Amino acid sequence: MISFILCLFALIIGAIFYSRFLEKAIHANEHRTMPCDTKRDGIDFVPMSTWKAYLIQFLNIAGTGPIFGAIMGILFGPAAYLWIVFGCIFGGAMHDYMSGMISLRYGGESLPEQISKTLGAKMGMSMRILTLVLLFMVVAVFVSTPASLLSNLTSSWGIWDTFSDTFGEGANALMFWTVIIFAYYLLATLLPISALIGKIYPVFGAALLIMAVGVGYGIFFKEGVNGTTWMPEITEAFTGHHPKGIDIFPMMFITIACGAISGFHATQSPLMVRCVKKEKSFRYVFYGAMITEGIVALIWAAAAIKYTGSYQGLWDQMQNNPAIIVNAICQDWMGPVGAVLAILGVIAAPVTSGDTALRSARLITADFLNYRQDKMLNRLAIAIPFSLIVIIIMNIDFSILWRYFGWLNQSLSVFTLWAVTVWMSKHGRNIYISLIPALFMTMTCTSFILVCPVEQGGFGLPQWIGITAGNIVCLCFLSLLFKPYTKKKSRVGKEIRDRHKRIK
């Protein structure tokens, strides 16, 4: 319990001071003209108040990530607390804030366009493909997951009997909810951001926060299964605790993504960059939303382990499905209100990430093609083909889809962090802000795909090989970063030598 409290305070206090440091490092300007003023179109560039932009950004990036990822992550032990705190302050929140600020410098452009301008046209094209693939996977995953949950709920509660009477005995609950959710995604992608997203997101965002507060209250004043009150302490942070004997590095750092750092967030930032009215608000909207997500992750990690009383108990009760734990905790600790909030948490949260993922895919493509989006026909021209692609991806086995989703998501954060580093370098700013997280995530993602078991999509190599390869890749990235400086130094040295020869 003491470790949880200390980590919670460290996350909040560290975020307050470091966010101000970042604001000064990038030279935030309160008087800068914003894209919502210069490019206002009533569709994507729409001015919004800071509090509304903050709640929309929070729900955009949250989904079920800070809940499910944290529950699975605490199986590794109290090291999960440290990763959430330090990863969020110096990695995830910085990643979201800096990518948002750089997007602002380019007039609200999407992530691949930023990377194209910082890392080159070839890398930009690669990132367009990588980002679109990730977004399509997000949409597919976040259609399948809530549709499956709604199908099970309506069937178990007997509600589906009413639907089947209406649509016929052969009506399929899963197909029905899949169509409903997909239709909503298409509407949210096509309509102005203020029409649907701007109205319902703040409500669902507030509900997700209320659920976290209720669960946080339970950590202090409620008991777990069979009266358990045990919680892990930081003194055991560097010892492996996973019931399956899985190593902390690199597995935990991929498992807990959205609660610490996530590449998906950088694809969402431009949505709110186009709506925020003042640059000074970015610290609250982008850095603040990610810190809030970290707090939610910390609460759920602590709640899951206290409720079940042990790592093995959590593993057994979870049955490889964190939604079971979410439902049990909410109902036991908060009663009927908690049950409703649990449904919102595991259904509304992924839905509100899936719709903005499809919207982001539309904007990324429109930015690349320089294709205006102020007309409905133009938006349909992009959204319809993308919807067909998502439908095809949904036919892939869900376990395979989810297996590569996590790694691809974290790999995207690697390229975003390197793009931020290059931008900071070109503008004479402090590169170490993003360079150190970039190196760490490069090491993590490289190691993970090499050491991850074959049945989970990796190569199943020994850990030392993964770490060695990770170091080599980091050195390659560093050499590319400093290559312009070494060339310049070599050119200057040659000029000095030639001058000396002419003097002689």
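Is Cys-7 buried or exposed at 6% relative accessibility? Cys-7 counts as buried, because its relative accessibility is 6%; the term buried denotes under 20% relative accessible area, exposed denotes over 50%, and partly exposed lies in between, with a 1.4 Å probe and protein chains only. The structure is a predicted model, in which local features need pLDDT of at least 70 and side-chain atom pairs count only at pLDDT 80 or more, while totals for chains, interfaces and linings use all residues. Residues are numbered from 1 along each chain as its sequence is written, and side-chain values use heavy atoms, with hydrogens and water left out.

The cysteines were examined for disulfides, a disulfide being a pair of cysteine sulfur atoms within 2.5 Å. The count under this rule is zero. For Cys-7, the closest cysteine sulfur belongs to Cys-88 and is 12 Å away, which is too far for a bond. For Cys-36, the closest cysteine sulfur is that of Cys-275, and the separation of 7.3 Å is likewise too far for a bond. Cys-36 is buried, because its relative accessibility is 0%.

Helix packing was considered next. Helices (H or I, at least four residues) and strands (E, at least two) are DSSP runs, numbered from the N terminus. Two packed helices are described by the angle between their axes and the distance between the axes. Axes are lines fitted to C-alpha atoms, for helices over the stretch in contact, and angles run from 0 to 180 degrees between N-to-C directions. Helix α10 (residues 197-221) and helix α13 (residues 282-308) have axes that come within 9 Å and cross at roughly 40°. The two helices are therefore oblique to each other; angles under 35 degrees count as roughly parallel, over 145 as roughly antiparallel, 65 to 115 as roughly perpendicular and the rest as oblique. Ala, Val, Leu, Ile, Met, Phe, Trp, Tyr, Cys and Pro count as nonpolar, Asp, Glu, Lys and Arg as charged, and the others, Gly among them, as polar.

Helix α10 also packs against α15, at an angle of about 140° and with the axes 9 Å apart. The contact of α10 with α15 comprises 18 nonpolar, six polar and two charged residues. Ala-357 is located in helix α15 (residues 322-369) and is buried, because its relative accessibility is 0%. Ala-357 touches Leu-135, Val-138, Val-139, Phe-264 and Gln-268, not counting residues up to four places away in sequence; contact means heavy atoms within 4.5 Å. Glu-23, in helix α1 (residues 2-25), is buried at 11% relative accessibility.

Backbone features were found in loops. A cis peptide bond, with omega of about 5°, joins Phe-249 and Pro-250, and Pro-250 lies in the loop between α10 and α11 (251-255). Asn-226 is placed in the loop between α10 and α11 and has a positive phi near 55° although it is a residue other than glycine. Asn-226 is exposed at 79% relative accessibility. Asn-370, in the loop between α15 and α16 (376-394), has a positive phi of about 55° and is exposed at 70% relative accessibility.
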